[in-house]
Amino acid sequence: MCAQGTLCDIKKALQPELNSFPLDLLFNAMDIGVILLDEQGKICYLNKTVGHMLERDTQHLLDKHFTEIFSTFFSVSAEEYRKTSPMFEVMAHNVEKIGVERYSDLTKRCYLTNYHPVMLNNLKYYLITFTDITKRKKLEEEIIKMGQELDAAFALTLPNSKVEYKLKNTPEYVDTYNPDQGEITITEIIQDGGYRHVVNALKIAGDLHREGAMSILGIDKDLLVQTLIFHDIGKSQPDLAVGQRVIAAEVFEDSKLHAGRSAEIAQHIYQKPPDMCTLIRYHHHAEDELPASFPRYLLPMLRMVKLIDGLSAALTRRKAQIKLTVHKELIIVEEKNHHPAYNNKRSLNLFTGQVKYCHNSPDGNKKYRSRA
Ligand SMILES: [Fe+2]
Ligand SMILES: [Fe+2]
């Protein structure tokens, strides 16, 4: 039966072809709570899900003012509810409010709520929806806790608080490239970007370790971990603001300079071994730019450091998704990235340095081809 005729109004106004469809059946089958308030805020329709959420019989809630029902559900008093409920702003300013998280002390559950003013047959109503997101919130909290535990574990691997301070105070910038002007626009500042970058690099190294990459000749796990921690320690970033448009080459230092500086710091302040300092010094050099004195036996390690460095930047700055597999001396990377240049599947041969890209051949089979 329709409360005050409003459910019938919805049927007629919104979807005449569904006039014969029992919408109650549909609303009651959903796990989203649906409430319709009249202009004064009285409940004129609610589905059974709301009844389950409130642990009340829906029939007893009809015609009640929403404050009578929800003030004790979401707040300890009517006064506090008046201060915190988005509903009053929605009614006062005729605006919708989407995605408001509300916690109920009564049920100890969290709800995602939406508030929409709607006009039906020249009468104003308010449509409210509730979704119980308690499970999702618990998962989110667990993920945050795991991240904090990982951070704490990572902090133990750092040599001292100065290294931690430097990494946590080196920002990284997220940007978009405007090809017409040759500029980038800063869209986000990751204040502890240096720290995030190293943590992500170590996570990738962990994935590669699990795949068996540390068993490849020429790859040394301990040397790799220490190289990743120190590789950008000498980086100096400009101070930029969100929305700022700059020409990257003018404001960011040539990467080879911070690589050289990081190597000096690793060698002279932290007495790191020569191989590690060499890897750090050349982590932004292309292979054909390496000096003749570069030890060839370090090439597989350099290739791996550069691969991890690039993938960590994709995780840190471009929210990429990465899948890694290892086959003999081949590292196979599947990268899902907003940046089309990196959105691909490719393999890197750590012994030869050859990179092959996977493409879908006309016969439907995936094949690798060398980069031109
Ligand atoms: Fe670097
Ligand atoms: Fe880096």
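Helices (H or I, at least four residues) and strands (E, at least two) are taken here as DSSP runs, numbered from the N terminus. The structure is a predicted model, in which local features need pLDDT of at least 70 and side-chain atom pairs count only at pLDDT 80 or more, while totals for chains, interfaces and linings use all residues. Residues are numbered from 1 along each chain as its sequence is written, and chains are lettered from A and ligands numbered from 1 in the order in which they are written.

An unreviewed UniProt entry places the annotation "domain: PAS" on residues 33–135; such positions are given in the numbering used here, feature names are shortened, and annotations may be inferred rather than shown by experiment. This span is 31% helix and 39% strand, and its end C-alpha atoms lie 16 Å apart.

Five strands form an open sheet in the order β2-β1-β5-β4-β3, with antiparallel pairing, two strands being taken to pair if DSSP finds at least two bridges between them. The hairpin formed by β1 and β2 has four residues between the strands, and glycine 41 in the turn has a positive phi of about 95 degrees.

Helix α14 (residues 299–318) contains 20 residues and, at 1.5 Å a residue, should span 28 Å, which agrees with the 27 Å between its end C-alpha atoms; the expected span is 1.5 Å times one less than the number of residues. Of the 20 residues of α14, 15 are buried, that is, with 20 or more other C-beta atoms, placed from the backbone, within 10 Å of their own, whereas a residue is exposed with 12 or fewer and partly exposed in between. The helix is followed by lysine 319, whose phi is positive, near 50 degrees.

Asparagine 343 is found in the loop between β10 (330–336) and β11 (345–349), and is partly exposed, with 14 other C-beta atoms within 10 Å. The C-alpha atom of asparagine 343 is separated by 9.8 Å from that of isoleucine 322, 21 residues apart along the chain.
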